[in-house]
Amino acid sequence: VNLIDGIDGLASGLGILYCLFFAIYFGLVGEAGWSFIGIGMIGSLAVFFIYNVFGNREKIFMGDSGSLLLGYLLTAFVFRFCEINALGGTPALFHMDAAPAVAVCVLTVPIFDTIRVSITRIKKGRSPFQPDKNHIHHKFLALGFNTRVTMIIIVCGSLFFSVLNLYASKYIDIHILLLLNFVFYGGLNMYLTHKIKHKNL
């Protein structure tokens, strides 16, 4: 979350999306306490999102403390999500046999982006923690999109593929679905890189 927090509204927009998924899921399986935490985080992020994206003189920023807190809570949600599915007792309709893989599919954008940029930096002989402009949002910016449009594309794309993954997980083996996600995002990265090189010729 800290790594993907590179443009206004991106980390908070994705955070709202992911917290909404976990809040709804926890509510459906009877985990009211966890659901309320997710709902509270959505409320906080929604107010922040307004001032971060649309604020002028009142503009505020998340910073490391905000992104690390959001990342911590999302990690806690994932652990609890996996735990309740592993222990059983959830309604059959909402039980996830491969909960860790489902969580990865839902959180594909920040997970894949972090893995990809880290590998790229290591291949170049640099520290994976050294900042650069190789994130997915930088690629959209390099193609000429402004920050707000880039944020909307990534958040809406993440929403679409999260819903698609949850639907497809009922019909496709989750490990194959996980592989398909990484293949898709790898192909998307190659396509964007090709378009940027073509644009700069």
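Modeller: Let us begin with residue classes: Ala, Val, Leu, Ile, Met, Phe, Trp, Tyr, Cys and Pro count as nonpolar, Asp, Glu, Lys and Arg as charged, and the others, Gly among them, as polar. By these classes, the lining of the largest cavity divides into 8 nonpolar residues, 1 polar and no charged. The model is a predicted one, in which local features need pLDDT of at least 70 and side-chain atom pairs count only at pLDDT 80 or more, while totals for chains, interfaces and linings use all residues. Residues are numbered from 1 along each chain as its sequence is written, and side-chain values use heavy atoms, with hydrogens and water left out.

Colleague: How many cavities of 30 Å³ or more are there, and what volume does the largest cavity have?

Modeller: Rolling a probe the size of a water molecule over the atoms shows where empty space is left. On a 1 Å grid over the protein atoms alone, a cavity is a set of points where a 1.4 Å probe fits but cannot get out; a pocket is an open set with protein on both sides within 12 Å along at least five of seven lines; and lining residues have an atom within 4 Å of a point. Grid points are joined across faces, edges and corners, and a volume is the space filled by probe spheres set on the points. By this rule there is 1 cavity of 30 Å³ or more, and the volume of the largest cavity is about 50 Å³.

Colleague: Which residues line the largest cavity?

Modeller: Its lining consists of Val 1, Ile 4, Ala 11, Leu 14, Gly 15, Tyr 18, Leu 70, Leu 74 and Pro 110. Helices are DSSP runs of H or I with at least four residues, numbered from the N terminus. Helix 1 (10-28) and helix 3 (63-87) each supply at least two residues of this lining, and helix 1 has the largest share, 4 residues.

Colleague: Which residues lie nearest the centre of the largest pocket?

Modeller: Phe 21, Met 96, Leu 166, Ser 169 and Lys 170 do, out of 24 lining residues. The space in the largest pocket is about 570 Å³. Helix 1, helix 4 (99-106) and helix 7 (147-168) each contribute at least two residues to its lining, with helix 1 giving the most, 7 residues. By class there are 19 nonpolar, 3 polar and 2 charged residues in that lining.

Colleague: What is the volume of the second largest pocket?

Modeller: The second largest pocket has about 350 Å³. Its lining has 18 residues, and those closest to the centre are Val 1, Gly 71, Thr 75, Pro 110 and Ile 111. Helix 3 provides the largest share, 7 residues. The classes here are 13 nonpolar, 5 polar and no charged.

Colleague: How many disulfides does the structure hold?

Modeller: A disulfide is a covalent bond between the sulfur atoms of two cysteines. The criterion is a pair of cysteine sulfur atoms within 2.5 Å, and the structure holds 0 disulfides. Cys 82 is in none; the nearest cysteine sulfur, that of Cys 105, is 12 Å away.

Colleague: Is His 135 buried or exposed?

Modeller: Buried means under 20% relative accessible area, exposed over 50%, and partly exposed in between (1.4 Å probe, protein chains only). His 135 is buried, because its relative accessible area is 4%. This residue sits in the loop between helix 5 (108-123) and helix 6 (136-142). With contact taken as heavy atoms within 4.5 Å, and leaving aside neighbours within four places in sequence, His 135 touches Leu 3, Asp 113, Arg 116, Val 117 and Arg 121.

Colleague: Where is His 138 found?

Modeller: His 138 is in helix 6. His 138 counts as buried, since its relative accessibility is 19%. Apart from neighbours within four places in sequence, His 138 is in contact with Asp 132 and Lys 133.
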